[in-house]
Amino acid sequence: MFLNKSDFSNVIKNTPMISIDLCVIKNKSILLGERINPPAKKFYFVPGGRIFKNESLNDAFKRISESELGIYRPEESEFIGVFEHMYDDNFLGNNDFSTHYIVLAYKIILNSDISIPQEFIKSQHSNSLWYSFSNKNFKDINIHKYSMDYINNKKISCELN
């Protein structure tokens, strides 16, 4: 369900949102995109999205996977846990009210022959990259602390080493 700007603002002001984040791993690297929308604008973040009212978890996972990645691979997905993300700003890019997410995070391991079309990544991100612990060139990348929480999570980090 899509809400108009005023109604959505009231929801964000007064309740936590529930979302799904996708930790996509391929060749010992995790997919990150530079966000074009607040909150977390200009930070590298894993793909994801919010769950709509009256949308089942399975339907939300499918919709978010297809819209963010262009693929839907439930057989290669594993639930890794519940996370909490709190931001001082909101989707409007101001600090008039904060944003609070309860996040259901999933790990998706892709075979090396599976690719993610760039047009899907570009819908919410200005740039994307595959982050790896072995690539020292990424030390200056602006990775959001919540994405670093995923990267350092033992269920993810074991796939990146």
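Visitor: What percentage of the 161 residues in the protein do buried residues make up?
Guide: This is a predicted model, and buried residues make up 45% of the 161 residues in it.

Visitor: How does the radius of gyration fit a compact globule?
Guide: The two agree: for 161 residues a compact globule would have a radius near 15 Å, and the protein has 15 Å. Along the principal axes, the C-alpha atoms fill a box of roughly 45 × 35 × 30 Å.

Visitor: Turning to the fold, how many helices and strands are there?
Guide: The protein has 5 helices and 7 strands. Their pattern along the sequence is α-β-β-β-β-α-β-β-α-β-α-α. Of the contacts with a separation of 6 or more, 71% involve residues 24 or more positions apart.

Visitor: Let us take helix H2. What span should its 13 residues have?
Guide: Helix H2 covers residues 57-69 and should span 18 Å at 1.5 Å a residue; its end C-alpha atoms lie 17 Å apart, which agrees.

Visitor: Which residues of H2 are buried?
Guide: They are Ala60, Phe61, Ile64, Ser65, Glu68 and Leu69. Viewed down the axis of H2, these buried residues fall within an arc of 125 degrees, so they line one face of the helix.

Visitor: Why would residues three or four places apart point the same way?
Guide: An α-helix has 3.6 residues a turn, so residues at that spacing point the same way.

Visitor: What comes just after H2?
Guide: Gly70 follows, with a positive phi of about 80 degrees.

Note on methods: Residues numbered from 1 in each chain as written. Predicted model: local features only at pLDDT ≥ 70, side-chain atom pairs only at ≥ 80, totals over all residues. Heavy atoms only, no water. Helix = DSSP H or I, 4+ residues; strand = E, 2+ residues; numbered from the N terminus. Expected span 1.5 Å × (residues − 1). Buried < 20%, exposed > 50% of the residue type's maximum accessible area, 1.4 Å probe, protein only. Arc of directions from axis to C-beta. Rg over C-alpha atoms; globule rule 2.2 N^0.38 Å. Contact = heavy atoms within 4.5 Å.
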